[in-house]
Amino acid sequence: MSGRDPLCPTFRARQGAALTLVFAGVLVAGAVTGAFPDPDHTARRTTAQPVGAALHEDVREAAARAMADGTSPMEAAERAVSRSGDRWGAVYSEGEYQEFQDSLDGRYTGVGLSAAREQDGRIEVTGVQPGSPAAAAGIRTGDRLRSVDGARADGLPVTEVVSLLRGDADDAPAGTTVTLGLQRGGRTWTETLRRATLSTDSVTVTRPFGRVTVIRVAAFTRGTGAEVREALRAAPAGDGIALDLRGNSGGLVTEAVATASAFLDGGLVATYDVDGAQRALHAAPGGDTARPLVVLVDGGTMSAAELLTGALQDRGRAVVIGSRTFGKGSVQMPTNLPDGSVAELTVGHYRTPSGHAVDRRGITPDLEAGDGVLRRAEMVLAGLGDAD
């Protein structure tokens, strides 16, 4: 398990894994903010529990009553969401929601570290963003992260370590400090870093071997679709494309559809329902349908990334390689509460072009692959090229 402070907001632990797909002007899929839910768990609703628009109204009324009584509207809303049984429902403070919106613009507050937990529970730095506070302090890939603000890091989930690095969304803006305990070989030391507003690179391009261009999409932030299209144009003639969506926890669904449009010549991307009303998302015409394409996925491929994967798989445009995806296919809509907080509540679900329901099921790859996924992709792309 690995983590990075971009697109991993430090929402309160009690809000759990709040992964959102919002249909309100723009279509949004949020980032993981807690532990993965139990895949065998099934949320149970009784006929008396509100869904969709009724749940929004219940939560708004609970918050309004609390405001009138002089108690916390946000806490009242959280209780109402908890009672509803909404698996993905969550309530965010005004500051938390703004941080979430900033992340979708490719901005986040942090120190610029990526981290992973080793088998022995130690937390190791796996990446340092150039120009970040961590880079300025001389922290390197491979350094051990022993503590954050005095809290021992060993054994903690990476998501919790990331939360400590970033601090509370309201109380730890850019300019606040965080003290890290570090180790490099036999040397141990502490560094006090000042958090900063940083930018993420949601799209990166590599050519690891052969005639394969790997376009990695870390998250669907604003402009991702255009960046993927440009990367596709710039790829050498004759290269096959590996679209790497491993660990992609979502983003703007409009950008996922724009990415689908880079590889499709129009047509259906997904259908979804909002309170029973059926709607559809379509790709724009004119995409590159000739280059061999594989999509790389894993258990961290979620939400908007699953929507894109399902479209390319069902439309016969790509071979999907890796392991079963996360299974987040529900639709949330936001509700503004009287104290400025925001509730995001489930109103429906989306399906792939063939009608496959993603929620709780995920997407099964065409070819299972683990550590050797890139080599498997190279072989498949070579075969697809020969077929052409």
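Q: Which residues of helix H3 are called buried, and what makes them so?
A: In this predicted model, helix H3 spans residues 94-104, and its buried residues are Glu 96, Tyr 97, Glu 99, Phe 100, Gln 101, Ser 103 and Leu 104. They are called buried because that word stands for a relative accessible area under 20%. After H3 comes Gly 106, whose phi is positive, near 80°.

Q: Why is Leu 384 called partly exposed?
A: The relative accessible area of Leu 384 is 27%, and since buried means under 20% and exposed means over 50%, a value in between is called partly exposed. Leu 384 belongs to helix H9, which covers residues 373-387.

Q: Which residues does Leu 384 contact, leaving aside its neighbours within four places in sequence?
A: With those neighbours set aside, Leu 384 is in contact with Pro 292, Leu 293, Val 294 and Val 319. Leu 384 and Arg 291 are 93 residues apart in sequence, while their C-alpha atoms are 8.9 Å apart in space.

Q: What makes H6 and H7 roughly parallel?
A: Helix H6 (residues 224-234) and helix H7 (residues 253-263) have axes that come within 7 Å and cross at roughly 20°. Angles under 35 degrees count as roughly parallel, and therefore H6 is described as roughly parallel to H7. The crossing of H6 and H7 is right-handed.

Q: Which residues of H6 and H7 meet, and how do they divide into nonpolar, polar and charged?
A: From H6, Thr 224, Gly 225, Val 228, Arg 229 and Leu 232 meet Glu 255, Ala 258, Thr 259, Ser 261, Ala 262 and Phe 263 from H7. The residues of this contact between H6 and H7 divide into 5 nonpolar, 4 polar and 2 charged.

Q: What makes a set of residues a nonpolar core, and which residues have the most contacts inside the largest one?
A: A nonpolar core is made of buried residues of nonpolar kinds, joined through side-chain atoms within 4.5 Å. The largest such core has 40 residues, and those with the most contacts inside it are Leu 243, Phe 263, Val 269 and Leu 312. Apart from this core lies another, of 20 residues, among them Leu 145, Val 158, Val 162 and Leu 180. In soluble globular proteins, nonpolar side chains tend to be buried together.

Q: How many helices and strands does the chain have, and what share of its residues is buried?
A: The chain has 9 helices and 23 strands, and buried residues make up 53% of its 388 residues.

Definitions and conventions
Residues are numbered from 1 along each chain as its sequence is written. This is a predicted model: local features need pLDDT of at least 70, side-chain atom pairs count only at pLDDT 80 or more; totals for chains, interfaces and linings use all residues. Side-chain values use heavy atoms; hydrogens and water are left out. Buried means under 20% relative accessible area, exposed over 50%, partly exposed in between (1.4 Å probe, protein chains only). Helices (H or I, at least four residues) and strands (E, at least two) are DSSP runs, numbered from the N terminus. Axes are lines fitted to C-alpha atoms, for helices over the stretch in contact, and angles run from 0 to 180 degrees between N-to-C directions. Angles under 35 degrees count as roughly parallel, over 145 as roughly antiparallel, 65 to 115 as roughly perpendicular and the rest as oblique. A crossing is left-handed if the near helix is turned anticlockwise from the far one by less than a right angle, and right-handed if clockwise. Contact means heavy atoms within 4.5 Å. Ala, Val, Leu, Ile, Met, Phe, Trp, Tyr, Cys and Pro count as nonpolar, Asp, Glu, Lys and Arg as charged, and the others, Gly among them, as polar.
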